[in-house]
Amino acid sequence: YRSIVKHAFAVVKRGSEEPFAEASVINAVDSINDEPSLARFDVLQSNSNPSQFILVQVFKDRSSPYEREESSEIHARWMEKIEDLTVGSIETLRMTPRFPLKASNWMYPEDDDDDETELICRHLSIRVDENAEKEFLELTILNARNSIMSDGVARFDVLQHD
């Protein structure tokens with residue numbers, strides 16, 4: 001597995017949701033445009049608690065997230081903009097993609113004319129007994145492959161904590 005997915009979990013102060021979202025979207029767009037190692041960068045906001053955000057970054061190789069944090073001017077600008085907006089530190093979790101496996105499958109589609117479509121993202125975190133891990137992965141990947149063929153399902157990613 002060459003690529004790696006990084007989830008960053010942030011909680012922002014009440015009333016700071018919009019400035020945080022704006023700064024994060026600018027960060028995502030600038031990063032996608034300027035960092036060739038980044039396949040995608042999603043900014044997600046909780047429906048049930050709007051002060052909670054998840055930033056999802058998919059890197060084409062495993063060393064990229066570490067290099068980005070140490071050297072990216074874009075990342076530094078974002079950190080400066082959001083430092084007074086967050087509650088506590090931003091927690092990160094690095095994940096190994098199990099599906100899709102090809103980095104090109106993580107890229108944004110070239111033809112995205114339907115900007116008005118409402119997207120709903122659902123993240124599930126499942127703890128699996130290590131004795132059942134292989135079977136669980138096989139069944140979940142099969143479910144993902146079948147699900148993405150259904151109308152209304154744009155993505156189904158399977159990630160495993162590093």
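A nonpolar core is a set of buried Ala, Val, Leu, Ile, Met, Phe, Trp, Tyr and Cys residues joined through side-chain atoms within 4.5 Å, where buried means under 20% relative accessible area, partly exposed the range in between and exposed over 50%, with a 1.4 Å probe and protein chains only. The views below come from a predicted model, in which local features need pLDDT of at least 70 and side-chain atom pairs count only at pLDDT 80 or more, while totals for chains, interfaces and linings use all residues. Residues are numbered from 1 along each chain as its sequence is written, and side-chain values use heavy atoms, with hydrogens and water left out.

**Figure 1. Overall arrangement of the protein chain.**
The protein chain contains 4 helices and 5 strands, in the order β-α-β-β-α-α-β-α-β from the N terminus. These elements are DSSP runs numbered from the N terminus: helices are H or I with at least four residues, and strands are E with at least two. Of the 162 residues, 35% count as buried. Contact means heavy atoms within 4.5 Å; of the contacts with a separation of 6 or more, 72% are between residues 24 or more positions apart. The protein chain exposes about 10900 Å², of which carbon and sulfur atoms supply 48%. Accessible areas come from the Shrake-Rupley method with a 1.4 Å probe, and for residues only the protein chains shown count as cover.

The largest nonpolar core has 16 residues, of which F20, F41, F53, L55, W78 and I82 touch the most other members. Two or more residues each are given to this core by β1, α1 (17-34), β2 (38-45), β3 (52-59) and α3 (73-82). Helix α1 makes the largest contribution, with 4 residues. Apart from its neighbours within four places in sequence, F53 contacts A8, F9, A10, V12, E17, F20, A21, V43, L44 and Q45. In soluble globular proteins, nonpolar side chains tend to be buried together.

**Figure 2. Salt bridges of the model.**
A salt bridge is a side-chain nitrogen of Lys or Arg within 4 Å of a carboxyl oxygen of Asp or Glu, and the structure holds 3 of them. One joins the side chains of R77 and D30 at 3.8 Å, N to O. Because R77 lies in helix α3 and D30 in helix α1, this pair ties together parts that are 47 residues apart in sequence. R77 is partly exposed, at 37% relative accessibility, as is D30, at 24%. Another salt bridge links E73 to R77 at 3.2 Å, N to O. Both of these residues lie in helix α3, 4 residues apart, about one turn of the helix. E73 counts as exposed, at 59% relative accessibility. Through shared partners, the salt bridges join D30, E73 and R77 into one network. R40 and D42 also meet through their side chains in a salt bridge, at 3.1 Å, N to O, and both residues are buried.

Two strands pair if DSSP finds at least two bridges between them. Strands β1 and β4 run antiparallel and are joined by 5 bridges. Here H7 has L93 in β4 as its bridge partner. Strands β4 and β5 also pair in the antiparallel sense, over 4 bridges. In this pairing, F99 stands opposite V158 in β5.

**Figure 3. Surroundings of S3.**
S3 lies in the segment before β1 (4-11). With a relative accessible area of 5%, S3 is buried. Not counting residues up to four places away in sequence, S3 touches F59, K60, D61, R62, P97 and L101.

I148, M149 and V153 make a nonpolar surface patch of about 270 Å². Patches are made of residues with over 30% relative accessible area and no salt bridge; like charges are joined within 9 Å, and nonpolar side chains (Val, Leu, Ile, Met, Phe, Trp, Tyr) within 5 Å. M149 is in the loop between α4 (133-147) and β5 (158-161) and is exposed, with a relative accessible area of 67%. I126 is in the loop between β4 (91-99) and α4. I126 is exposed, with a relative accessible area of 51%. The C-alpha atoms of I126 and Q160 are separated by 9.7 Å, and the two residues are 34 residues apart along the chain.
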